[in-house]
Amino acid sequence: MATRAIAASKVAAPAPRGGVTQRHLSISGVIAVEKLRGVIEDYRRENYVHELPSRCKKDVLAVADKNKDGRIPVEGIEMLLRNIGASDRMTRSDIETILSEEGESHAKVIERDHLMNLI
C-alpha cells in the first residue's frame with residue numbers, strides 16, 4: 001500500500017499551456033485514470049491496429065464531446081464507454097473522480113485536450 005501511495009503522489013497532471021500549476025491525483029484518481037487508459041488502449045488494439053494511438057484517442061474523445069465545445073461531461077464519457085462496449089469497466093464514481101480532480105468539479109466536465117493528455 002505504501003508503494004501505491006508513493007506512486008500516486010508522483011503522478012501529476014500536465015501543466016496548463018499558459019501556467020505552471022500542477023495538480024496531483026489522489027490514489028483513487030490515479031486508479032480511475034489508469035482504468036480509462038486501459039479501456040481506451042484495449043479498444044485501440046482491437047479497432048485501430050494500423051493507426052497511431054493518438055488518432056484513436058482523438059476519435060473517441062470527439063464522440064464523448066457531446067456539445068462539440070471542447071468540454072467533456074460525465075455523460076459523454078459514459079456514452080463513450082457504452083459505444084465501445086466497456087461500460088462495465090468503469091463506474092460513474094470513477095468518472096466523477098477524474099472530473100473532480102482534473103476537470104471543473106462544479107460543472108462535472110473536463111477539457112477534451114486535458115483528458116487527451118491524461119490518457
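How many salt bridges does a search of the whole structure find? The count is 12, and keep in mind that this is a predicted model.

- Glu34 pairs up with Arg37 in a salt bridge, with 2.2 Å between the closest N and O atoms.
- Both partners sit in helix α2, where Glu34 and Arg37 are 3 residues apart, or about one turn of the helix.
- Glu34 counts as partly exposed because its relative accessibility is 42%, and Arg37 gets the same label because its value is 30%.
- Further along, Arg44 makes a salt bridge with Glu41, and here the closest N and O atoms are 2.6 Å apart.
- Arg44 and Glu41 are 3 residues apart in helix α2, so about one helical turn separates them.
- Why does Arg44 count as buried? Its relative accessible area is 16%, and the cut-off for buried is under 20%.
- Glu41, at 23% relative accessibility, lands in the partly exposed class.
- Arg44 and Glu41 also belong to a salt-bridge network that links them with Asp42, Arg45 and Arg89.

- The side chains of Asp59 and Arg55 meet in a salt bridge at 3.2 Å, N to O.
- These two are 4 residues apart in helix α3 (residues 53–64), so they too are separated by about one helical turn.
- Side chains of opposite charge can pair when their charged atoms come close.
- Asp59 is partly exposed, with 27% relative accessible area, and Arg55 is partly exposed as well, at 37%.

**Helix α5 and its neighbours**

- Helix α5 covers residues 92–102, and its buried residues are Asp94, Ile95, Thr97, Ile98, Leu99 and Glu102.
- Which elements do the buried residues of α5 pack against? They pack against the helices α2 (27–47), α4 (74–83) and α6 (112–118), plus the strands β1 (71–73) and β2 (109–111).

**How α2 meets α5**

- The angle between α2 and α5 is about 115°, and their axes are 9 Å apart.
- The crossing of α2 past α5 is left-handed.
- On the α2 side, the contact is made by Ser28, Gly29, Ala32, Val33, Lys35 and Leu36, while α5 brings Asp94, Thr97, Ile98 and Glu101.
- Sorted by class, this contact has 4 nonpolar, 3 polar and 3 charged residues.

**The nonpolar core**

- The largest nonpolar core has 28 residues, and Leu36, Leu81, Ile98 and Leu115 are those with the most contacts inside it.
- At least two residues of this core come from each of α2, α3, α4, α5 and α6.
- Which helix gives the largest share of this core? That would be α2, with 6 residues.
- Setting aside neighbours within four places in sequence, Ile98 touches Ala32, Val33, Leu36, Met90, Gly103, Ile110, Leu115 and Leu118.
- Among those contacts of Ile98, Ala32, Val33 and Leu36 are also part of the α2 side of the contact with α5.
- As a general rule for soluble globular proteins, nonpolar side chains tend to be buried together.

Terms used. Residues numbered from 1 in each chain as written. Predicted model: local features only at pLDDT ≥ 70, side-chain atom pairs only at ≥ 80, totals over all residues. Heavy atoms only, no water. Buried < 20%, exposed > 50% of the residue type's maximum accessible area, 1.4 Å probe, protein only. Contact = heavy atoms within 4.5 Å. Axes fitted to C-alpha atoms, helices over the stretch in contact; angles between N-to-C directions. Left-handed = near helix turned anticlockwise from the far one by under 90°. Nonpolar A, V, L, I, M, F, W, Y, C, P; charged D, E, K, R; others polar. Salt bridge = Lys/Arg side-chain N within 4 Å of Asp/Glu carboxyl O. Core = buried A, V, L, I, M, F, W, Y, C linked by side-chain atoms within 4.5 Å.
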